[in-house]
Amino acid sequence: MIKCLAEHVMQTGRRRNPETGELIPRFLIERLECQYNGKVVFYADWFNGVSANPYLRFKLRAVESGTIEIIWIETDGTRTTASAEIEVMGPRVN
Amino acid sequence: MSRYRTVMHPTHIHRRKVMLSAGASALALECGPLLAQTSGSVPPDELLATTPQDAALIVNRRKAEQIVANMLKGRALRDGLIEATVPDIAEDGSAVPVSFLVNCSMKNDDYPETVHVIGMVNPTPEVARYHFTPACGEAAVVFRCRMHASSNLSFVANMADGTVGMTQRFVSVTASGCI
């Protein structure tokens, strides 16, 4: 089970600046990717309806030791990554 | 003066009653043709909306229903494919905890390629799209979504073998997520 939390306002492009009345441009985390030893095993596309500071919990089958990397991609293409090592003991199951 | 008003002659009351009933029948006559005209078709939802906000919600819901119909493409729904957990009442629409689980073996073609989450009255109805592979072991996700108003949340799972499943859950939203 993988849990991840990003600190992000998730601007939808529908809110206005209370002082100037101008629309605040859309700025979201548009995609979250999970790579297991360099292979994409899960990804999520996020739109306006995902809360600020998005939390996500999902599952992976642990088949081999290695690295699990989470990549958050924002509207302007910025990539932020976080990774964790996983060690699988015992014989490989199926 | 009011003391005199309370004492009324019986014939006076009688005449009033007569006048009232005459008025009612005149009203019925006036509305008659109008009712006949609309009775054949259901009035559009927009006419039932009492405020502009209500009307906006109806427009959003139509848009969301169209999006869901485009995803389903008229395919038969698989029963009990998705188990979704949502709160009955969400006090804060800007972070509603939502979770879902797709009941499948996650082997060969029996896994969901995508699961869509749609807020049925959100201005941007599609909330999130999750893509799974058999390496996930189980298609289960927990996250928090924004909700504009009390409405259904729809979960649509597109399976790799071309079948589809849908679950809808109603959430009462106390304070709008203002998306």
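How many bridges join β4(A) to strand β6 of chain B, and do these strands run parallel or antiparallel? The views below are of a predicted model.

**View 1. Strand pairing between β4(A) and β6(B).** Three bridges join β4(A) to β6(B), and the two strands run antiparallel. The strand of chain B covers residues 139-145, and that of chain A covers residues 55-58. Within this pairing, Arg57(A) has Val142(B) as its bridge partner.

**View 2. Contact between chain A and chain B.** Chain A brings 26 residues to the contact, and chain B brings 25 residues. The area buried between the two chains is about 2,400 Å². Carbon and sulfur atoms give 49% of that area.

View 3. Two salt bridges are found between chain A and chain B. In a salt bridge between Lys59(A) and Glu138(B), the closest N and O atoms are 2.6 Å apart.

**View 4. The side of chain A that touches chain B.** Two elements of chain A, β3 (39-46) and β4 (55-58), each give two or more residues to this side. The largest share, seven residues, comes from β3(A). By residue type, the side of chain A that touches chain B divides into 15 nonpolar, five polar and six charged residues.

Technical notes: Residues are numbered from 1 along each chain as its sequence is written. Chains are lettered from A and ligands numbered from 1 in the order in which they are written. This is a predicted model: local features need pLDDT of at least 70, side-chain atom pairs count only at pLDDT 80 or more; totals for chains, interfaces and linings use all residues. Side-chain values use heavy atoms; hydrogens and water are left out. Contact means heavy atoms within 4.5 Å. Buried area is the accessible area (1.4 Å probe) that two parts lose on being put together, summed over both. A salt bridge is a side-chain nitrogen of Lys or Arg within 4 Å of a carboxyl oxygen of Asp or Glu. Helices (H or I, at least four residues) and strands (E, at least two) are DSSP runs, numbered from the N terminus. Ala, Val, Leu, Ile, Met, Phe, Trp, Tyr, Cys and Pro count as nonpolar, Asp, Glu, Lys and Arg as charged, and the others, Gly among them, as polar. Two strands pair if DSSP finds at least two bridges between them.
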